[in-house]
Amino acid sequence: MSIEERLASLRITLPKAEPSLVCPICVVTGRLLYVPGSGPTPIEGKLPKGKLGREFTTEQGRVFARSAGLEILALVKHQLGSLDRVSRVVKLQGFVNATPEFEEHSLVIAGCSDLMMEVFGDRGKHARSVFGAMSLRANLPIIVDSIFEIA
Amino acid sequence: MSIEERLASLRITLPKAEPSLVCPICVVTGRLLYVPGSGPTPIEGKLPKGKLGREFTTEQGRVFARSAGLEILALVKHQLGSLDRVSRVVKLQGFVNATPEFEEHSLVIAGCSDLMMEVFGDRGKHARSVFGAMSLRANLPIIVDSIFEIA
Amino acid sequence: MSIEERLASLRITLPKAEPSLVCPICVVTGRLLYVPGSGPTPIEGKLPKGKLGREFTTEQGRVFARSAGLEILALVKHQLGSLDRVSRVVKLQGFVNATPEFEEHSLVIAGCSDLMMEVFGDRGKHARSVFGAMSLRANLPIIVDSIFEIA
């Protein structure tokens with residue numbers, strides 16, 4: 001089953017790849033694909049804004065992290081032509097816009113991790129790290145940095 | 001002298017590799033090994049919790065960073081079978097759970113850097129960066145992201 | 001035109017590569033060059049200190065990010081002998097010492113991104129991410145982590 005077929009069977013629709021105007025670049029070097037830091041896609045035309053532990057709950061953060069993952073997949077597909085060229089999700093690094101007391105960063109980034117494993121199966125297993133950021137561009141609740149291996 | 005012999009001569013005992021349940025994955029791509037963000041190991045069964053510049057001093061932070069380094073080495077050994085397969089420590093990135101006024105991040109992450117150079121000698125010399133995080137999972141005082149080159 | 005000639009035509013002078021005493025290491029692995037996290041160079045012998053959104057404006061931050069980029073280029077040149085060996089700027093990750101309310105991180109790191117594109121042209125296009133840090137070593141306003149591909 002191709003990844004496109006798997007996306008369809010999972011009823012996952014990727015957003016249109018509209019990389020931010022500021023720095024829309026994916027870079028391929030050797031077999032690695034570096035994807036720019038990606039945030040959640042707009043909900044009814046509006047980007048979510050605020051901090052985990054204050055404006056947003058951990059569960060909302062997990063949904064935003066999944067949404068950032070969809071944005072990442074849209075960029076990867078746009079860059080490679082097909083998600084079937086991904087041989088491994090190598091690394092996710094989550095920046096969570098959080099309060100100083102927030103402790104559930106792992107549960108937030110899990111929303112993006114789970115998406116990668118749904119879409120790519122064993123190839124979706126990745127090294128991961130996450131931390132609380134003081135602030136993020138446009139007050140986004142989360143940004144995810146990512147690296148993929150291509151076949 | 002093998003790295004195991006060197007560890008013994010340095011009286012360094014690695015913790016048992018018990019990667020967190022949340023995301024326990026190391027990824028090998030080409031000659032690079034990406035290790036998940038690792039924190040200090042428990043002290044008498046309890047993980048340290050708190051911020052540098054408030055609950056903890058710089059010197060305590062340095063010890064925590066060394067402990068995170070031991071956790072990293074345990075994961076690397078578990079992944080590769082032997083630490084002798086490491087040909088270079090490529091990169092360490094430290095996330096220090098810190099106050100807004102904290103300025104000694106370099107002295108904290110040095111605890112992990114020094115360990116790598118003790119264990120691997122010249123192969124332990126690495127590129128490094130470090131920053132203060134707003135918050136970290138479970139209120140850990142430090143997490144270290146790392147990349148190794150394998151022979 | 002060599003990169004040195006381009007630097008001259010752009011009237012860009014690199015600082016003397018004086019990597020911090022703490023961790024002065026660049027690492028080459030395969031065709032990738034990992035550069036240690038770099039901050040702005042001193043102005044009249046003094047390093048800038050403070051947070052974006054409080055001590056410094058976004059426009060000042062952009063200048064500091066460009067200055068950090070010059071520091072990076074000095075390290076790369078010192079490591080490789082010539083900037084002409086750079087075949088691609090792969091990744092920039094900016095740590096902006098910022099207030100919790102700051103939202104213009106992209107405009108700050110753009111100062112470093114623009115420098116890379118001035119100097120390397122299309123080879124300077126890179127994947128990028130940026131976040132607000134709680135605090136940075138020596139209260140620097142920005143640190144930039146970077147990865148280059150070498151020919």
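Guide: In chain A, 5 strands form an open sheet in the order β1-β2-β5-β3-β4, with mixed pairing. Strands here are DSSP runs of E with at least two residues, helices are runs of H or I with at least four, and both are numbered from the N terminus. Two strands count as paired if DSSP finds at least two bridges between them. This is a predicted model, in which local features need pLDDT of at least 70 and side-chain atom pairs count only at pLDDT 80 or more, while totals for chains, interfaces and linings use all residues. Residues are numbered from 1 along each chain as its sequence is written, and chains are lettered from A and ligands numbered from 1 in the order in which they are written.

At the edges of the sheet you will find β1 (27-29) and β4 (127-133) of chain A, each of which pairs on one side only. From one strand to the next, the twist averages 15°. For angles like this, axes are lines fitted to C-alpha atoms (for helices, over the stretch in contact), and the values run from 0 to 180 degrees between N-to-C directions.

Now look at strand β3 (residues 86-97) of chain A, which pairs with β4(A) in the parallel sense over 7 bridges. Across this pairing, A:Q93 stands opposite A:S129 in β4(A).

Two helices rest on these strands. Helix α3 (residues 105-120) of chain A packs on the sheet, where it touches β3, β4 and β5 of chain A, and its direction makes about 160° with that of β3(A). Helix α2 (residues 58-80) of chain A lies across β2 (32-38), β3 and β5 (142-150) of chain A, and runs at about 40° to β5(A). Contact between residues means that their C-beta atoms, placed from the backbone, lie within 7 Å.

How do helices α2 and α3 pack in chain B? Their axes come within 6 Å and cross at roughly 40°. α2(B) and α3(B) are therefore oblique to each other, since angles under 35 degrees count as roughly parallel, over 145 as roughly antiparallel, 65 to 115 as roughly perpendicular and the rest as oblique. Ala, Val, Leu, Ile, Met, Phe, Trp, Tyr, Cys and Pro count as nonpolar, Asp, Glu, Lys and Arg as charged, and the others, Gly among them, as polar.

In chain C, α2 (residues 58-80) and α3 pack at an angle of about 40° with their axes 6 Å apart, and their crossing is right-handed.

Where chain C meets chain A, 27 residues of chain C are in contact with 21 residues of chain A. β3 (86-97), α3 (105-120) and β4 (127-133) of chain C each give two or more residues to this side, and β4(C) has the largest share, 7 residues. The side of chain C that touches chain A has 11 nonpolar, 8 polar and 8 charged residues.

Where chain B meets chain A, the contact takes 21 residues from chain B and 27 residues from chain A. On the chain B side, β1 (27-29), β2 (32-38) and β5 (142-150) each give two or more residues, and β2(B) gives the most, with 4 residues. This side has 14 nonpolar, 5 polar and 2 charged residues. Only 14% of the interface residues of chain B are also interface residues in chain A, so the copies meet through different surfaces.

Terms used
Left-handed = near helix turned anticlockwise from the far one by under 90°.
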